[in-house]
Amino acid sequence: LALAGLFARGVLYLLLGVTAVQLTVGRSNERVDSRGVLHQFANHVGPQTPVEKLTRRQVRDWWASLALSPNTCRNRLSMVRTWNRWCKSVSGAGGI
């Protein structure tokens, strides 16, 4: 009986540890900086696509492909739009 209790306690601690690691990793993945978002966007439209060739459709397709909460999707879209406005202001390029 004592051995079964010890085994149950070990299993419980193992499950708590696994859950803690999953929560920690899950939360760190939610925090994405603008560089990460821009890399994700570039991979979606094609890293060799010039800025002046970007279309609204490409941005909409990328945005629709995000499997995230609506607020997170809006934040990421805002990052891409801000980057595009910056490109346009510096070089006159920017298609969206």
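Which residues of α2 are buried? They are V37, F41 and V45. Buried means under 20% relative accessible area, exposed means over 50%, and partly exposed lies in between (1.4 Å probe, protein chains only).

This is a predicted model: local features need pLDDT of at least 70, side-chain atom pairs count only at pLDDT 80 or more, and totals for chains, interfaces and linings use all residues. Residues are numbered from 1 along each chain as its sequence is written, and side-chain values use heavy atoms, with hydrogens and water left out.

Start with the whole chain. The protein chain has four helices and zero strands. Its pattern along the sequence is α-α-α-α. Helices (H or I, at least four residues) and strands (E, at least two) are DSSP runs, numbered from the N terminus. Of the 96 residues, 17% count as buried. Contact means heavy atoms within 4.5 Å. Among contacts in the protein chain with a separation of 6 or more, 53% come from residues 24 or more positions apart.

Now take α2. At 1.5 Å a residue, its twelve residues should span 16 Å, and its end C-alpha atoms are 16 Å apart, which agrees. The expected span is 1.5 Å times one less than the number of residues in the helix. The buried residues of α2 are V37, F41 and V45. They cover an arc of only 60° around the axis, so they sit on the same side of α2. That arc is taken from the directions from the helix axis to the C-beta atoms. On the other side of α2, R35, H39 and N43 are exposed. The cover over the buried residues of α2 includes α3 (56–65) and α4. After α2 comes G46, with a positive phi near 105°.

How do α2 and α4 meet? The axes of α2 (residues 34–45) and α4 (residues 70–91) come within 10 Å and cross at roughly 85°. That makes α2 roughly perpendicular to α4. Axes are lines fitted to C-alpha atoms, for helices over the stretch in contact, and angles run from 0 to 180 degrees between N-to-C directions. Roughly perpendicular covers 65 to 115 degrees; under 35 is roughly parallel, over 145 roughly antiparallel, and the rest oblique. From α2, the contact uses S34, V37, L38, Q40 and F41; from α4, R76, M79, V80 and W83.

One more residue of α4 is R81. R81 is partly exposed, with a relative accessible area of 48%.
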